[in-house]
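Subject: Structure handover

Hello,

Here is the structure I said I would pass on. My notes on it follow below.

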Amino acid sequence: MIDSNRRTILTTGAAAAAAAATTAPQVFAQAPQAGAPQAGARTASGRQGRILYEKGNVRIRYAEIGSGFPLLAMPGGGSTRASASGRAR
Amino acid sequence: MINIMEEFKNDFRVITMDQRNATGGESTGPVPVDDPWGAFADDQLGVMDHLGISRFSSSATASAAPSR
């Protein structure tokens, strides 16, 4: 069960990010995937690679890198992991 | 442009994902027309729960307008 407060915070943030896209310069445009890291590989700074989360008929491909306090880099609606890596169309 | 993954990997455990409706992405799933942002939030929280993370910071990027 997902806490409703957490859900509201993320929903509001995602909607605000989408609204900002209409006025922001084209710096976070969705980019085609290229050179995606290998799944599950461990590095000195943490795990890097493509990983899958599944719930019902939804499958989410995610990636993580580094270690320390978690930082969720939320892509905009319709965006891929590339948006967090600074790759633009 | 900022590469959030590279910029913060030495200080944070950075996690990102493909949205379920991303063109060229590897995530799949229906997007409910009555609450698409709620679905995205569910996915993001689901990934964090899947990883056992209850507290985290967040940053957001947004899809820009189509290039001309």
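A residue is called buried at under 20% relative accessible area, exposed at over 50% and partly exposed in between, with a 1.4 Å probe and protein chains only. By that scale Phe8(B) is partly exposed, because its relative accessibility is 31%.

Two points on how to read the rest. This is a predicted model, in which local features need pLDDT of at least 70 and side-chain atom pairs count only at pLDDT 80 or more, while totals for chains, interfaces and linings use all residues. Residues are numbered from 1 along each chain as its sequence is written, chains are lettered from A and ligands numbered from 1 in the order in which they are written, and side-chain values use heavy atoms, with hydrogens and water left out.

Chain B
Chain B has two helices and two strands, in the order α-β-α-β along the sequence. These are DSSP runs numbered from the N terminus (helices: H or I, at least four residues; strands: E, at least two). Chain B has 68 residues, and 38% of them count as buried.

Aromatic pairs
Rings of Phe, Tyr and Trp (its six-membered ring) pair if their centres lie within 6.5 Å; planes under 30 degrees apart are stacked, over 60 edge-to-face and the rest tilted. Over all chains there are two such pairs. One joins Phe8(B) and Phe12(B), and it is edge-to-face because the planes stand at 70°, with the centres 6.0 Å apart. Phe12(B) is partly exposed at 24% relative accessibility. The other pair, Trp37(B) with Phe40(B), is also edge-to-face, at 5.3 Å between centres and 75° between planes. Both residues sit in helix α2 (residues 36-50) of chain B, three residues and so about one helical turn apart. Trp37(B) is partly exposed at 25%, whereas Phe40(B) is buried at 3%.

Nonpolar cores
A nonpolar core here is a set of buried Ala, Val, Leu, Ile, Met, Phe, Trp, Tyr and Cys residues joined through side-chain atoms within 4.5 Å. The largest has 16 residues, and Tyr62(A), Leu72(A), Ile15(B) and Val47(B) have the most contacts inside it. Two or more residues each come from β2 (46-55), β3 (58-65) and β4 (69-74) of chain A, and from β1 (12-17) and α2 of chain B. The largest share, four residues, is that of α2(B). Leaving aside residues up to four places away in sequence, Leu72(A) touches Leu10(A) and several residues of chain B, including Ile15(B), Met17(B) and Met48(B); contact means heavy atoms within 4.5 Å. A separate core of eight residues includes Leu71(A), Ala73(A), Met5(B) and Val14(B).

Regards
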